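Thank you all for making the time this morning. I would like to walk through one model with you, so please keep the sequence and the structure open while I talk.

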Amino acid sequence: QSCRAFAMSRVPILLAALLAISAVTQAAVVRTFPPLEQFGQLLEQPNARAVVPFADEDNYRLPNDTIPSHYAVSLTTNVHTGETKFTGTVAITLSVVTTTSTIVVHARQLENFTASIIQQGVTGATAQDLTWSYEEEREFLTFSKTDLSFTEGTTWVLTINYEGNLRTDNGGFYLSSFTDDSGATKYLATTQFESTDARHAFPCYDEPAKRAQFTITIKHDPSYNAISNMPQDEAASSSGVTAFQTTVNMPSYLVAFIVSEFVYTEGELNGLPQRVFSRKGTEGDQEWALTTGMLVEKRLAEYFDVPFALPKLDQAGIPDFAAGAMENWGLATYREEYILYNPENSTINTQTNIATIESHEDAHMWFGDLVAIEWWSFLWLKEGFATLFENLAVDLAYPEWDIFQIFHAGSYQSALVNDASPSVRPMSHFVQKPSEISLLYDSVSYAKAGSVLDMWRHALTNKVFQRGLHNYLVDNQYKAANPSLLFEGIAKAAVEENYAVPATVAEMMGSWSNQGGVPLLTVTRDYEAGTFTVKQSVYTNDKDYTNDKLWYVPINYADFSNNDFRNTEATHYLLNTSELVVDAKLDGENWLVLNKKSVFYYRVNYDSRNWQLITNTLTTRPHTIDPRNRAQFINDLYRFVTSGRVEHATLLQLLTYLPQEDKYSPWSAANTVITLFDRYLSTDEAYLDFQFYVAQLVSEQFDKFGVNDLHGEHHLVKYTRNVVINIACLVGVPRCLIDTTAKLTALVEQGTAVEPNLQSQVYCHGLRQADSKVFDFVYNMLMNSNDQAERRLLISALGCTQDATLVEKFVSSSIDQTNSLRVQERITLLSPAYSRGEVGLLASIEFLQKNWEEYAKLNSGFGGVNPLYSDIVGISGYTVNDKQREELQKLVDLVKDSSYVPTTLQASVDANVNANTAWLAANRDPLMTWVAGFRSGSPALGASLLAVLLCLLAAKLA
């Protein structure tokens, strides 16, 4: 049985955790490098444009003739019945900056406007009715009256009555629903306004720099409650009418309100009340988010030395939520899986996700809320800080977690991968239209910006960086800022701390925010003189690509005689120059490592002799080098090998140290590389050689970690175990397949629960060999679960099955409207199937061939592209042989002339498939030649590896 299982084990398990950066659904188009190596990064952006708009284009920015100072918003909803219609009145207090005859605001999908205006500060002034016109393209709602002029320096109150409908795409003011424990459908109304959807709830100046105060009143059924950014105004509220205190000065996109039957848990720390809201029946799962939220807010306020600005802070879990979370000031909103934690049933991933995502949103209360961005072109100025502090705040609250290993394996790596394109955009990037703004919610704004900011935190020292952020926040609070103001704050801190910087902060940091890409540092040692030369160039996946980009690059290093990796301050700089020689007086027989702890944002390639010295050290004393540097060796070498910069043997030989590795970030890097290799090679005739090689790397650590969760383990031990299990089962290590299958069988037949932290691995690898009985058991678990985190885990696991009939049942459930799948879940089923091997890929193609039109009609959520297009392009990224290509082309021919896909579909598919073909042509032979030699020349085998080999041979002969 174990040999049969081993022979069947050719299913790659891609780590989705490396992908999750963006909070908004992104568009997908052509990739320029083998798509399996992109790990979910954005594809090339069709709407990317130069920093200056074309002169003949309309300006999508509102006129600056008038500016708002206060909104009084009153909304009426009968959402308790599921009715979508709502009515509203908004009274906007505005000041006239330049004399004008029109007032222009934004509105989206609103109707039946009536409007009047009255001048303030004028005795006897009366309201005057206005006429209105609407331009749909720019969503401009314009008010005017014949012979009425709004004079510079005057103040007016514009009152607009209107009607609208709660949306069903999880954007704007929208309808959400869930089924309670009795089976009844419950409704609620909630909001998601970033970046341009406040205009759907009420007409407004919907730009981030046009801050104002908001007084919200909501009329609703008395059985429901309402919450918003501010505490309730008890004096102005009554049964069925909830009024709120007036907000501080804030952007429109941060306004939020929820009308529901939510229940909450509350606490208070340092005088700040905090509450966590969610649907009835989940009160017991709110504690972790509440306690973490209180601690994180305290740590952030201490770090910035700037107190939280509002009188309360609420967090709410929403059943239907397209974004991961949203930083509404004083009322952050989340997917339920990112706010609800059950100590008995939830995984350590869920626990960590809640902590990091809550920290991300709390950081926004300072970066984005207290200090807004002038325009969306500077989105990184808030999202980069939130990405940094989702890790740093957790590190301050839970230092024993060593959270930056997870950051390094996730955001940092995804940023480096995305930045390898010659056409990648810079962090600061001009946009106008809402469709263009949505494209900025990508790896550059989040992962890269967070990595670059973390680099400067280390290079300039945390002391200078921390004081610089304090200066920036204090100097710009309740205003809108741009990157220059951040640079000024840090430069001021360097002076205050008497810290010498080698160039202006604006020059240094601006070289990273104003140009796209990432540097490659090439290190060449003079082994006789003890010096080394560092040359910078732009890194792309095409080693022959050249560009004259230069950065201000911070550098530090460790070597055999000075192997303390703790001090990460920069000791040298490439100051916008291409080359630097460092007289380090190095011993020629010992290793050199640049970029201690891998905190600076670039790749490093060494001469072949230094790579060999590093490999020798990893083989003999791996823990003398920091684990993040060990991980980066693997990540960098994979890129260098597959782009032709380094011989394949360098990477494959370095990986042979892994039997001694027990840390998360290096194993995560190894998992990425091995999974990618496996995906390309799993149908190769010599695949057994590759399986043997990887089994030799992983078996020792698999035996150490096992498949049982142990109480009291270090946080990252649980992560590492999961990665090791993934690799071991991926290449069919018999003990791994036997143990995971046994745990799943015990659940099905005896009801023996699988530990939460092992569920993903056990369900997936157990289902790879499961019959319909086991599959149906897990499938029914999904359909009956009310836990969103568990549902996501089960969806991912069900895609692992290698029975084509069962895969077909699974993917077909996406269009079965009678089942319990949520709207946002339906478009997530195909990816777990087609990314797990040929069986799932071909089954997914066949399903779309038969049902493409029905699948195309599924709701992709706000801002999303059609799921048919997304999944066809996704499938093309996993297409690696002729059979797969032929079936995919049949599908493309069926749909390419439909209105559901763009005309670029064929080109996108061809680019991905051709890139994979080119990858195999360049890499297959050197890889397989080396692993064949490794197998034939490996030393005496232990008993477990001998058993592996015997199973491999038996399977080959069968």
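Let me begin with a question: which residue caps the N-terminal end of H25? Before I answer, please bear in mind that what you have on screen is a predicted model. The cap is Asn-866, which places a side-chain oxygen 2.8 Å from the backbone nitrogen of Leu-868.

Strand E1, residues 66-77, pairs with strand E2, residues 85-96, in the antiparallel sense over 11 bridges, and as one example Ile-67 has Ser-95 in E2 as its bridge partner. E1 is also joined to strand E10, residues 213-219, by 7 bridges, and here the two strands run parallel; in this pairing, Tyr-71 is partnered with Phe-214 of E10.

Next, some backbone geometry. As background, most residues other than glycine have a negative phi, and most peptide bonds are trans. Asp-147 lies in the loop between strand E6 (140-144) and strand E7 (155-165), while Asn-170 is found in the loop between E7 and strand E8 (172-179). Are these two residues buried or exposed? Asp-147 counts as exposed because its relative accessibility is 80%, over the 50% cut-off, whereas Asn-170, at 6%, counts as buried because it falls under 20%.

The peptide bond to look at is the one joining Glu-194 and Ser-195, which is cis, with omega at about 5°. Ser-195 sits in the loop between strand E9 (185-192) and helix H2 (198-201).

Staying with that part of the chain, Thr-196 has its C-alpha atom 9.2 Å from that of Ser-438, although the two residues are 242 apart along the chain. Ser-438 belongs to helix H7, residues 434-438, and a polar atom of its side chain lies 2.8 Å from the backbone oxygen of Ser-435.

Finally, the aromatic residues, where the count comes to 51 aromatic pairs. In one of them, the rings of Phe-150 and Trp-156 have their centres 5.0 Å apart and their planes at 85°, so this pair is edge-to-face; both Phe-150 and Trp-156 are buried. Elsewhere, ring pairs link a cluster whose members include Tyr-303, Phe-304, Trp-366, Phe-389 and Tyr-472. Two rings also have a charged residue placed over them: the charged end of Arg-275 sits over the ring of Tyr-264, 5.2 Å from its centre, and Lys-809 lies over the face of Tyr-779, at 4.9 Å from the ring centre.

That brings me to the end of the tour, and I am happy to go back to any of these places on the screen.

Definitions and conventions. Residues are numbered from 1 along each chain as its sequence is written. This is a predicted model: local features need pLDDT of at least 70, side-chain atom pairs count only at pLDDT 80 or more; totals for chains, interfaces and linings use all residues. Side-chain values use heavy atoms; hydrogens and water are left out. Helices (H or I, at least four residues) and strands (E, at least two) are DSSP runs, numbered from the N terminus. Buried means under 20% relative accessible area, exposed over 50%, partly exposed in between (1.4 Å probe, protein chains only). A polar contact is a pair of N or O atoms within 3.5 Å; within protein, one must be able to donate a hydrogen and the other to accept it, and residues adjacent in sequence count only if both atoms are side-chain atoms. Two strands pair if DSSP finds at least two bridges between them. Rings of Phe, Tyr and Trp (its six-membered ring) pair if their centres lie within 6.5 Å; planes under 30 degrees apart count as stacked, over 60 as edge-to-face and the rest as tilted. A charge sits over a ring if NZ of Lys or CZ of Arg is within 6 Å of the ring centre and within 35 degrees of the ring normal.
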